[in-house]
Amino acid sequence: MTTLMEWPTREPLAGIQSLELEITGKCQLSCTHCLSESSPQASHGEMAAADWLSVIIDAASLGIRKIQLIGGEPTAHPNWRQFTEAALSLGQNVEVFSNLFHVRNEWWEVFARTGVTLGTSYYSDGPDEHDRITGRAGSYVRTRKHIQEALDRGITLRAGIVGILPEQRVQEARSELISMGVAPGLIRMDRARAVGRALLPGQRPALDEMCGQCTRGRASVLPNGDLAGCVLSRDFPAGNVREARLAELLGGKGWKDLTARIPAPVRNACTPNDSSDCNPASTTACSPKY
């Protein structure tokens with residue numbers, strides 16, 4: 001296998017610091033609010049492993065220092081460890097955003113690598129409520145068990161809590177995570193955004209539903225190769241990496257036009273009325289409930 005060399009440090013193109021790679025739509029869960037409408041029946045999409053590796057290499061050459069592997073469930077993709085190793089070899093940091101429903105023993109070594117962090121979603125301290133949201137019985141028990149194992153192994157873990165149901169026990173979920181050992185500063189909250197399964201009947205995707213951070217320091221590549229401002233703004237692509245290189249897309253008119261259409265972030269707004277970051281694992285809480 002060819003050894004990949006780290007690219008010289010440079011300012012990232014278009015100010016992109018982080019690139020989300022939605023490497024699959026397949027997932028063991030069928031969450032009621034899922035932005036990508038992932039499920040056990042979904043596919044890995046049109047992007048081949050070689051396509052993803054090309055995007056990772058291009059991202060490194062453009063100065064993008066962080067890669068997030070997301071899905072669906074990224075560990076359901078047969079090449080997720082290869083993508084992680086490729087990014088690390090290029091000097092990039094990698095976050096694996098997993099539901100932690102299923103973790104093979106050999107994966108812990110990857111999660112513990114220098115430069116790798118682990119992200120996950122958590123919905124409630126009540127098993128029934130958590131499982132109701134994920135659509136999979138036993139998901140609370142398994143996710144909680146693997147969160148605790150990650151912490152016991154000294155693995156850096158971030159958790160996102162999304163408010164979906166009326167009177168959902170989001171604050172109790174946060175307290176439980178803290179009691180398990182998750183650092184309070186690594187627990188973020190957001191509301192469910194009207195994307196994917198969270199769309200109401202007759203509702204259409206809209207950019208004003210976004211938090212304002214799409215394209216501003218981040219970008220995403222979806223399973224079909226579409227380039228988006230983030231995984232939540234998936235319905236507004238600015239080109240496709242199977243048709244043009246990442247540098248061409250980020251420096252092109254489509255990306256510039258998309259950036260101009262994204263509403264400016266709401267400053268001093270209380271999360272999740274408008275969060276500081278549209279990634280549900282990267283938002284700040286400020287009210288008693290959230």
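Against which elements do the buried residues of H2 pack? They pack against H1, S2, strand S3 (93-97), helix H3 (107-111) and S4. The model is predicted, with a mean pLDDT of 88 for the protein chain and 88% of its residues at 70 or more. Its strands include an open sheet of eight, in the order S6-S5-S4-S3-S2-S1-S7-S8 and with mixed pairing.

- S6 is joined by five bridges to strand S5 (residues 157-163), and the two run in the parallel sense.
- Within this pair, Arg191 of S6 stands opposite Gly163.

- Five of the five residues of S1 are buried.
- Ser18, Glu20 and Glu22 point to one side of the strand, Leu19 and Leu21 point the other way, and all are buried.
- S1 runs parallel to S2, with five bridges between them, and Ser18 has Lys66 as its bridge partner in S2.

- Helix H5 (residues 139-152) lies across strand S4 (116-121) and S5, and its direction is at about 155° to S4.
- The buried residues of H2 are Trp80, Phe83, Thr84, Ala86, Ala87 and Leu88.
- After H2 comes Gly91, which has a positive phi near 85°.

**Nonpolar cores**

- The largest nonpolar core has 69 residues, and those with the most contacts inside it are Leu19, Leu21, Phe111, Leu177, Val221, Leu246 and Leu250.
- H1 contributes the largest share of this core, six residues.
- Beyond four places in sequence, Leu19 touches Val55, Ala59, Ile64, Lys66, Ile67, Gln68, Ala219, Ser220, Val221 and Leu246.
- A second, separate core has nine residues, among them Cys27, Cys31, Ile133 and Leu165.
- In soluble globular proteins, nonpolar side chains tend to be buried together.

- His77 is placed in the loop between S2 and helix H2 (80-89).
- Its relative accessibility is 5%, under the 20% cut-off, and therefore His77 counts as buried.
- Leaving aside residues up to four places away in sequence, His77 touches Ile23, Thr24, His44, Trp52 and Phe83.
- Phe83, one of these contacts, is also among the buried residues of H2.
- The C-alpha atoms of His77 and Cys27 are 9.6 Å apart in space, while the two residues are 50 residues apart in sequence.

**Confidence**

- Over residues 268-290 pLDDT stays under 50, although the model has 76 contacts for this stretch beyond four places in sequence.
- Where pLDDT is low, the predicted coordinates should not be read in detail.

Note on methods. Residues numbered from 1 in each chain as written. Predicted model: local features only at pLDDT ≥ 70, side-chain atom pairs only at ≥ 80, totals over all residues. Heavy atoms only, no water. Pairing = 2+ DSSP bridges. Helix = DSSP H or I, 4+ residues; strand = E, 2+ residues; numbered from the N terminus. Contact = heavy atoms within 4.5 Å. Axes fitted to C-alpha atoms, helices over the stretch in contact; angles between N-to-C directions. Buried < 20%, exposed > 50% of the residue type's maximum accessible area, 1.4 Å probe, protein only. pLDDT = per-residue confidence, 0-100. Core = buried A, V, L, I, M, F, W, Y, C linked by side-chain atoms within 4.5 Å.
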